[in-house]
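Please read the following note alongside the sequence and the coordinates. It is arranged as numbered points.

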Amino acid sequence: MQNPSPHTSQVDLYVSILQTSLKTKNPFPVKPIHAGIIKSGFHLGVFVMNNLLNAYAKTGLISDARQVFDEMPVKNVSSYNTLLSAYAKQGMIREALCIFNKAPEPDSVSWTALIVGYNQMGRFEVTFRLFLEMIKSRAVPTEYTLTNVLASCVAIEALDIGKKVHSFVVKLGLSGYISVANSLLSMYAKLGDHKTALTVFDKIKLKNISTTNAVISLHMQAGRVEQALAEFEVMKERDIISWNSMIAGYNQCHFDAESLKMFSDMLNGSKLRPDRYTLASILSACANLEKLKTGKQIHAHIIRTNFDISGAVGNALISMYSKCGSVEIARKLLQTCGTSKLNMIAFTSLLDGYIKLGNLDPAREIFDSLDDRDVVTWTAMIVGYAQNGYNNDAMELFRSLVEKGPVPNSYTLATMLSVSSSLASLNHGEQIHGYALKLGEVLSVSVSNALINMYSRSGNINCAKKSFALIQQRRDPISWTSMIIALAQHGFAEEALQLFEEMMLVDIKPDHITFIGVLSACTHMGLVEKGRNYFKKMKDTHGIEPTSSHFACMIDLFGRAGLLGEAQDFIEKMEIEPDVIAWGSLLASCKVHKNVELARIAADRMLSIEPGNSGAYSALANVYSASGQWDEAAKIRKSMKDRKVKKEQGISWLQIKSEVHVFGSDDAIHPQRDAIVRNMAEIWDRIKKMGFVPDTASVLHDLDQELKEQILKHHSEKLAIAFALMNTPENSTIRIMKNLRICNDCHSAIKFISKLVNREIIVRDATRFHHFKNGLCSCREYW
């Protein structure tokens, strides 16, 4: 056997040192070796120069690698691939493409390096195009090529392309490679094709940890928690991804206690340490369970191990403290981490924490400090204002969003329509409706549902019906329920009940709110037997246990129909303790039917629950007054005064253009007061000539008839109508809102006014809508 030449031994030594520097990730020996290669004259050999090029490239010295490449007298495909791969991994895709184009005969490695580069940059469409060109060039894809292409399919949710790649894998006979099979399994699982994913899993003969991890994640995504646990328990070897799949899966499936136990088992039963994914998931579980003490212990572990809390872990800590009520600690963490990496979950958790405290100013400060606010962030802040009753602030922020923020989404628009509903502002609602049309969001179910509510609460039932009709094929339970309640509130009880029956025919399951609408419809039309049947069906057929709201509807149904004894019997046999609303419904019926004794019982029970309830005092005093017991009424009013209980004052309001006009009884502060009073006096005289007779019994004070009539003439809804007639176009609909139930006299007078002026007048009082037109009301005198 010949001994190796000194030259060969020297080359092997240089190559060995270069490869050792790569293993130890130590770039320092590379340049001295480079000098030695040149000095020894070995720079003419492609083998040693390729190793030098590889050493420079993989230790991060890209510019030196390029210099070596340019100076190489002889290059082969490996030379090109080494530099090409280095450029691609560094994101220098233009340089990588240049080298690729210069390569005399690009091979599978060349194509794969370029595909990996574009995949890492997120240019997935280019990845697919390169893959097709690679196949046309007859270069055979490697495992690494296919795993990257499949990863691109996941990134842009291109299941169809993924299936074509799968077919190609089968054709090439590469489905037996474990890395390719795992990538296929992962792709199908992440893109929601669980059936095919399980088929791929079953066909994998040699499963590794990655395979089982993928199928555990698959089961968790589908909510198959027991199957995921079964796969986990038979694993002979587990890595951190195995544990994370279980911990995160339990958390995402709302098995947060099991998530905590799995975390404890990992710490006690393995040598693995939690990574950022473990910590983010387990802190989320603590947040959901509001386990502040456990969350603090995990935080202490993070501090002890000097774990980086930027990104996911910092966000999870902020969410955990916010949801557990420690908002100030969350705020301090935010100051430490900064807002640049604050995610939506953490921000909304912090916002919710401040909302619970009723303090939105700090939340707004955080919002204003965010550099990159996406539509979800804007919407969260708007929702925070809306949920806390700051409707004007929500409106103002929405205007800013439209002017200088991202495009609102369907959830933003639905929220703003809800704000318009709360304000009963038809003008604002119509503007947002127009904006939704412009954005193409009007057919979104959430927007359509919000439009139904907005138009209904603003008094435009016809537009509510149109919004409901537009989503005929996409109605959800909220759509049906919203429309049923709208029809009931506007006095269209038969339509409401018919719609409920249609809902049953298309097999949409009603909920407890649906039945509030159904029972309200029966109440507004006095359909006692139907109400009884629906109440029974709610429990027996649909398995819905009645709430206090359902009981109140039934009490109201019996009471309005004059069945006060049955109402009393019903309230005394309720399965839950009657609340103020239940007794209040009975008391209101006692006023209508002038039942003094039962009114006294109902008022006493109300006051035993809520001693400062002004409604109980007022209603009882009104019952006494309606029955002519003026002394008893006076005693109740004196008792209110002595106990400093303030009666809720009746007000009415309407919106003209963007301005809301509010009126009280005998309003003395409105700038057009004198003209309004004169107009009302003229209207009063004209409707009396038409046959209107003032109902002086509606004035529940012991006064002479002339003074009573003067008081009636200046009720807030009449003044609002007089103002509207002076300031709105002829033939337009007048919409009035009132905080209390409309009195008999106003109800009668407005019927005559609607006929006098030939205009529809819609009044929303505390219980329902009244549509007055041509001398008639939609309530049909049953209200």
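The points below take up selected residues, annotated spans and a surface patch.

1. Basis of the note. This is a predicted model, in which local features need pLDDT of at least 70, side-chain atom pairs count only at pLDDT 80 or more, and totals for chains, interfaces and linings use all residues. Residues are numbered from 1 along each chain as its sequence is written, and side-chain values use heavy atoms, with hydrogens and water left out.

2. In the span 45-79, the end C-alpha atoms are 12 Å apart, with 74% helix and 0% strand. For residues 476-510 the end C-alpha atoms are 10 Å apart, and the span is again 74% helix and 0% strand. Helices (H or I, at least four residues) and strands (E, at least two) are DSSP runs, numbered from the N terminus.

3. Ser 420. This residue belongs to helix α25, residues 410-423. Ser 420 has a relative accessible area of 0% and is therefore buried (buried means under 20%, exposed over 50%, partly exposed in between, with a 1.4 Å probe and protein chains only). Leaving aside residues up to four places away in sequence, Ser 420 touches Met 395, Ser 425, His 428, Gly 429, Ile 432 and Met 454, where contact means heavy atoms within 4.5 Å. With Gly 429, a polar atom of the Ser 420 side chain lies 3.5 Å from the backbone nitrogen.

4. Two lysines with positive phi. Most residues other than glycine have a negative phi. Lys 594, however, has a positive phi near 55°; it sits in the loop between α35 (580-593) and α36 (596-609). Lys 594 counts as partly exposed because its relative accessibility is 49%. Lys 644 also has a positive phi, of about 55°, and is located in the loop between α38 (630-642) and β1 (651-656). With a relative accessible area of 74%, Lys 644 is exposed.

5. Surface patch. Which residues form a nonpolar patch on the surface? They are Ile 651, Val 660 and Val 662, with about 220 Å² of accessible area together (Shrake-Rupley method, 1.4 Å probe, for residues only the protein chains shown counting as cover). Patches are made of residues with over 30% relative accessible area and no salt bridge, like charges being joined within 9 Å and nonpolar side chains (Val, Leu, Ile, Met, Phe, Trp, Tyr) within 5 Å; a salt bridge is a side-chain nitrogen of Lys or Arg within 4 Å of a carboxyl oxygen of Asp or Glu. Val 660 is part of strand β2, residues 659-664, and is partly exposed at 46% relative accessible area.

Technical notes. A polar contact is a pair of N or O atoms within 3.5 Å; within protein, one must be able to donate a hydrogen and the other to accept it, and residues adjacent in sequence count only if both atoms are side-chain atoms.
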